[in-house]
Amino acid sequence: MMYRERSLSFDWLLILITLALLALGILMINSATANVPREGTVFYNVPVVRQGINAAVALIALVGVSLVNYRVWALWRWVLYGGMIVALGLVLVAGRVFFGAQSWFEVGLFAVQPSELSKIVLILVLAQYLATHEEEVKRGSGLIVSLLIALPLLALIFVQPDLGTATVLVAIWLSMLFVAGVPIRHLLLIVVAGIVFAPLAWGLMKPYMRERILIFLNPTSDSSGKTYNVIQALISIGSGGFWGKGLGQGTQSQLGFLRVRHTDFIFSVLAEELGFVGSALLLLFLAGLLLRIVRVGARTSDPFGRLIATGVAAMIFVQTAINLGFNTGLLPVTGLPLPLISYGGSSLMTTLIGLGLVQSVAIHHQPPEGT
């Protein structure tokens with residue numbers, strides 16, 4: 001068997017955009033937390049320092065994953081899937097509760113969120129199934145099997161409760177089904193089924209989840225002040241103007257009016273301090289990142305590689321859309337981070353592992369000669 005001689009075909013523009021977004025995120029985290037008292041805080045617990053460490057470790061993971069042929073992960077997909085089911089089960093028993101969700105493990109100096117990494121596991125398992133069962137997928141029977149694959153992960157994440165991450169998993173599933181060739185009529189049936197079973201999902205939601213949705217639909221009904229941060233976010237965005245107030249000069253963030261400003265609402269900090277220009281630059285970088293991922297998927301003739309790229313693109317796009325949506329008051333607050341920008345190790349690791357898989361597709365998608 002003869003293999004074609006070729007050099008590593010890294011998508012260098014994808015790498016450069018990723019590094020630019022990481023740098024912008026660290027810059028904004030530093031600005032958002034500049035006035036937080038740090039006396040007596042160990043240096044590695046300072047948010048910007050910890051995010052720098054997270055970024056360094058995640059970049060190493062990106063390079064490592066990209067150098068491994070992505071087809072290798074198909075061989076280990078059920079091991080990864082089983083391990084993730086166990087991890088999601090254990091976190092319900094021994095996990096740490098944070099912002100109402102029992103989603104975290106304390107591992108040494110770091111907090112690990114299995115639900116974040118479940119996105120990558122779902123992408124790998126679904127991509128392999130959909131790529132190797134094209135006829136079943138086109139007939140529609142593959143849709144049921146793919147749902148059975150996704151459902152255990154969805155259920156375990158939903159009961160944490162983490163509606164935001166569960167929504168991202170659903171979006172990944174639907175996007176990969178569409179690219180795999182599931183008939184449109186079957187996708188429409190999924191939408192209809194979702195509407196029919198919405199009352200059941202509503203009944204299963206925790207009270208604070210229902211309250212967030214009701215307050216979003218009718219803000220005047222909020223007598224508890226839960227819309228406070230959304231209002232502060234809108235003030236931040238609106239007051240940034242064209243050029244912004246300057247790094248470290250945002251009144252809403254620097255004076256502490258805007259809460260969770262280095263995590264969920266970091267876009268509002270960026271919009272206030274860097275203005276329309278900074279916000280447009282951020283959106284341009286994110287759009288460029290998504291286009292490069294889609295380009296990698298479009299250039300490969302391997303269905304497995306194409307579906308991996310589809311899943312990663314859907315993950316980043318939906319998280320971005322939801323985060324920007326609740327920052328601007330267009331969607332209920334869900335707590336999803338802005339990819340590569342918000343503070344958070346598990347989210348950053350998941351995103352960069354996903355980008356590593358995309359890079360692996362770019363490098364290894366060419367089949368060997370003689371096969």
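Leaving aside neighbours within four places in sequence, which residues is Ile308 in contact with? The contacts of Ile308 are Tyr70, Ile123, Leu124, Ala127, Leu357 and Val361, where contact means heavy atoms within 4.5 Å. The model is predicted: local features need pLDDT of at least 70, side-chain atom pairs count only at pLDDT 80 or more, and totals for chains, interfaces and linings use all residues. Residues are numbered from 1 along each chain as its sequence is written, and side-chain values use heavy atoms, with hydrogens and water left out.

Ile308 also belongs to the largest nonpolar core, which has 91 residues. Such a core is a set of buried Ala, Val, Leu, Ile, Met, Phe, Trp, Tyr and Cys residues joined through side-chain atoms within 4.5 Å. Ile172, Leu282, Leu289, Ile293, Ile308 and Leu355 touch the most other members. Helix α15 gives the most to this core, with 13 residues. Helices are DSSP runs (H or I, at least four residues), numbered from the N terminus.

Phe326 is found in α15. It is buried, with a relative accessible area of 0%; buried means under 20% (1.4 Å probe, protein chains only). Beyond four places in sequence, Phe326 touches residues including Val230, Asp264, Phe265 and Leu336. Phe326 and Leu234 lie 92 residues apart in sequence and 9.8 Å apart in space, C-alpha to C-alpha.

Helix α8 spans residues 163-180. Its buried residues include Gly164, Ile172, Trp173 and Ala180. The buried residues of α8 pack against α5, α6, α7, α9 and α15. Gly181 follows α8, with a positive phi near 105°.

Note on methods:
Helices (H or I, at least four residues) and strands (E, at least two) are DSSP runs, numbered from the N terminus. The expected span of a helix is 1.5 Å times one less than its number of residues. Buried means under 20% relative accessible area, exposed over 50%, partly exposed in between (1.4 Å probe, protein chains only).
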